[in-house]
Amino acid sequence: MNSTVASDPRTLAVRSILMMADGDRATFDEVVHPAAVNREDKVEPPAARTPGPDGFWATAAWLRSAFADLSYQVHDVVAEGNMVAVRTTMSGRHVAPFVVHAEDGSVDTVFPPTGRTFAVTQSHWLRIEDGLVIEHWANRDDLGQASQLGWVPPTPLYLFKMARAKSKARRAA
């Protein structure tokens with residue numbers, strides 16, 4: 001691992017956010033602790049609920065599968081001890097179905113692509129251990145994202161498209 005990253009928790013935390021948009025698989029191994037937990041994985045695919053780099057990589061793949069031009073703009077980074085807070089804006093374009101999962105891992109809701117763009121604020125909290133990210137929490141503007149993408153309020157046509165996309169996703173699972 002890069003010793004510069006390990007010695008600066010702020011740099012590591014920022015890297016862990018930015019890699020979600022465009023990091024390769026090896027980057028996740030360099031940044032994420034083998035026992036790392038993403039506390040925001042409750043609606044993500046089952047593969048994203050596994051600890052360590054594999055789970056974080058699965059989260060990135062999930063986001064990238066639905067949103068083109070995915071990016072994060074970092075506004076502020078604050079660190080104290082082994083905790084780092086990062087305030088960002090996540091943006092992208094909705095180009096493929098976004099599948100939300102239930103606690104048991106089954107398909108819960110599917111948002112068919114709208115082609116619309118979004119930009120929403122998020123704050124990420126990361127705990128660092130042994131120079132790696134070991135825990136992640138986030139506060140996201142999910143309602144703002146849903147509004148910008150046309151998910152809410154849903155039109156009758158969009159509700160029909162959602163039902164059809166959910167049926168297709170369940171058959172594929």
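Which residues form one aromatic cluster? In this predicted model, the cluster is made up of Trp-62, Phe-67, Phe-98, Phe-111, Phe-118 and Trp-151.

## Aromatic cluster

The count of aromatic pairs comes to six. In one of the pairs, the ring centres of Phe-67 and Phe-98 lie 5.1 Å apart with their planes at 40°, so this pair is tilted. Because Phe-67 belongs to strand β2 and Phe-98 to strand β4 (residues 98–101), the pair ties together parts that are 31 residues apart in sequence. Both Phe-67 and Phe-98 are buried.

Phe-67 also pairs with Phe-118, and here the centres are 5.1 Å apart while the planes stand at 65°, so the arrangement is edge-to-face. Since Phe-118 lies in strand β6 and Phe-67 in strand β2, this pair ties together parts that are 51 residues apart in sequence. Phe-67 has a relative accessible area of 2% and is therefore buried, the cut-off being under 20%. Phe-118, at 3% relative accessibility, likewise counts as buried.

## The open sheet

Five strands make up an open sheet in the order β1-β7-β6-β3-β2, and the pairing within it is mixed. Its edge strands are β1 and β2, each of which pairs on one side only. On average, and with direction ignored, neighbouring strands of the sheet are turned by 25° against each other.

Strands β6 and β7 run antiparallel and are joined by eight bridges; His-124 has Ala-138, in β7, as its bridge partner. Helix α4 packs on this sheet, where it touches β1, β2, β3 and β7, and its direction makes about 55° with that of β1.

## Helix α4 and its last residue

Helix α4 covers residues 52–66, a run of 15 residues, and reaches 22 Å from its first C-alpha to its last, which is close to the 21 Å expected at 1.5 Å a residue. Its buried residues are Gly-52, Pro-53, Gly-55, Phe-56, Ala-58, Thr-59, Ala-60, Trp-62, Leu-63 and Ala-66. As a general point, an α-helix has 3.6 residues a turn, so residues three or four places apart point the same way.

Ala-66, which is placed in helix α4, has 0% relative accessibility and so counts as buried. When neighbours within four places in sequence are left aside, Ala-66 is in contact with Arg-93, His-94, Val-95, Ala-96, Pro-97 and Phe-98. Thr-155 is 89 residues from Ala-66 along the chain, and the C-alpha atoms of these two residues are separated by 20 Å.

In helix α5 (residues 142–149), the buried residues are Gly-144, Gln-145, Ala-146 and Leu-149. The elements that cover them include β2 (67–80), β3 (83–94) and β6 (117–129). Gly-150 follows α5 and has a positive phi, near 80°.

The loop between α5 and α6 (156–172) holds Pro-153. A cis peptide bond joins Val-152 to Pro-153, with omega at about -15°. For context, most peptide bonds are trans, and most residues other than glycine have a negative phi.

## Positive phi at two aspartates

Asp-69 is not a glycine, yet it has a positive phi of about 55°. This residue lies in strand β2, and its relative accessibility of 56% means that Asp-69 counts as exposed.

Asp-130 also has a positive phi although it is a residue other than glycine, with a value near 55°. Asp-130 is found in the loop between β6 and β7 (132–140), and with a relative accessible area of 60% Asp-130 is exposed.

Lys-42 is found in the loop between β1 (32–38) and α4. Although Lys-42 and His-101 are 59 residues apart in sequence, their C-alpha atoms are 7.6 Å apart in space. Apart from residues up to four places away in sequence, Lys-42 touches Arg-49, His-101, Ala-102 and Glu-103.

Notes. Residues are numbered from 1 along each chain as its sequence is written. This is a predicted model: local features need pLDDT of at least 70, side-chain atom pairs count only at pLDDT 80 or more; totals for chains, interfaces and linings use all residues. Side-chain values use heavy atoms; hydrogens and water are left out. Helices (H or I, at least four residues) and strands (E, at least two) are DSSP runs, numbered from the N terminus. The expected span of a helix is 1.5 Å times one less than its number of residues. Buried means under 20% relative accessible area, exposed over 50%, partly exposed in between (1.4 Å probe, protein chains only). Contact means heavy atoms within 4.5 Å. Rings of Phe, Tyr and Trp (its six-membered ring) pair if their centres lie within 6.5 Å; planes under 30 degrees apart count as stacked, over 60 as edge-to-face and the rest as tilted. Two strands pair if DSSP finds at least two bridges between them. Axes are lines fitted to C-alpha atoms, for helices over the stretch in contact, and angles run from 0 to 180 degrees between N-to-C directions.
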